Amino acid sequence: MHELLLKNIKDVYRNIANAAMKAGRDPHDITLIAVTKTVEPDLIVKAVEIGLRVFGENRMQEAQKKITSNELKGISEKITWHMIGHLQKNKVKPAVELFDVIQSADSLELAGEINRHAEKAGKIQRVLIQVKLSDEESKHGISREKIIELLGAMKKMENLKVMGLMTIPPYFVDAQMARPYFRELRELRDKAEEVGFHLPELSMGMSNDFGVAIEEGATMVRVGTAIFGERSHR
Ligand SMILES: *Cc1c(COP(=O)(O)O)cnc(C)c1O
């Protein structure tokens with residue numbers, strides 16, 4: 001057993017439970033997605049042994065290598081993979097093959113491409129729509145004004161199942177500063193549900209701010225550093 005990893009995972013679950021109870025929510029309604037970018041397969045195997053089942057990767061090349069590695073191939077039936085990074089159109093085919101959920105659908109074009117490859121693969125691809133709520137150049141996502149239109153178009157795509165919305169707010173040292181972004185994503189979801197779309201999932205919150213995200217309604221939190229430690233920037 002990997003002692004530090006176990007301690008980190010326990011701490012994260014405790015913080016998820018605390019935030020949920022503070023908000024009057026059931027902690028079981030929140031899925032912990034362990035973000036494994038830059039994490040080697042042997043450590044991911046340890047995390048699976050401890051009990052984690054849902055993992056996120058943000059770059060196709062790295063994900064492809066890792067998911068098909070000998071260490072992880074053998075336990076693949078235990079694991080659910082989420083693509084949480086920007087997806088290029090020419091990487092949609094392997095993404096559909098490898099990922100249970102693609103959280104970064106952010107244009108009609110990309111959605112169409114995912115649907116096309118899902119149909120070829122004989123799969124219903126689960127996706128989230130990534131929404132861009134800040135004006136940072138570096139962030140991807142569809143603008144708030146275009147969500148309903150995109151949802152309408154995606155509803156006609158028979159091999160897609162849209163589960164909800166995802167966002168990445170700017171990084172703040174003070175997590176409370178991220179709250180308006182989380183709240184806005186929830187309100188956008190509520191508005192879409194009022195006009196007939198079913199969007200149960202809200203993917204928001206990372207190591208620094210997942211407690212605040214849960215208070216605002218997150219159903220999926222994407223946590224890397226708090227589980228696996230600081231990444232050495234490559
Ligand atoms: C890296 C990453 C995370 C996890 O970030 P941490 O701060 O390490 O928890 C979450 N979501 C996305 C999209 C990421 O790229």
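Begin by selecting helix H3, which supplies three residues, the largest share, to the lining of the largest pocket; H3 spans 60-67, and strand S8 (220-223), like H3, gives at least two residues to that lining. Helices (H or I, at least four residues) and strands (E, at least two) are DSSP runs numbered from the N terminus. This is a predicted model, in which local features need pLDDT of at least 70 and side-chain atom pairs count only at pLDDT 80 or more, while totals for chains, interfaces and linings use all residues. Residues are numbered from 1 along each chain as its sequence is written, and side-chain values use heavy atoms, with hydrogens and water left out.

Next, show the pocket itself, an open set of points on a 1 Å grid over the protein atoms alone, with protein on both sides within 12 Å along at least five of seven lines, whose lining residues have an atom within 4 Å of a point. Of its 36 lining residues, Lys37, Asn58, Ile168, Met206 and Arg231 are the closest to the centre.

Finally, display the polar contacts, pairs of N or O atoms within 3.5 Å. A side-chain N or O atom of serine 207 is 2.5 Å from a ligand oxygen, and one of arginine 231 is 2.8 Å from a ligand oxygen, whereas a polar side-chain atom of arginine 222 lies 2.9 Å from a ligand nitrogen.

How values were computed: A polar contact is a pair of N or O atoms within 3.5 Å; within protein, one must be able to donate a hydrogen and the other to accept it, and residues adjacent in sequence count only if both atoms are side-chain atoms. On a 1 Å grid over the protein atoms alone, a cavity is a set of points where a 1.4 Å probe fits but cannot get out, and a pocket is an open set with protein on both sides within 12 Å along at least five of seven lines; lining residues have an atom within 4 Å of a point.
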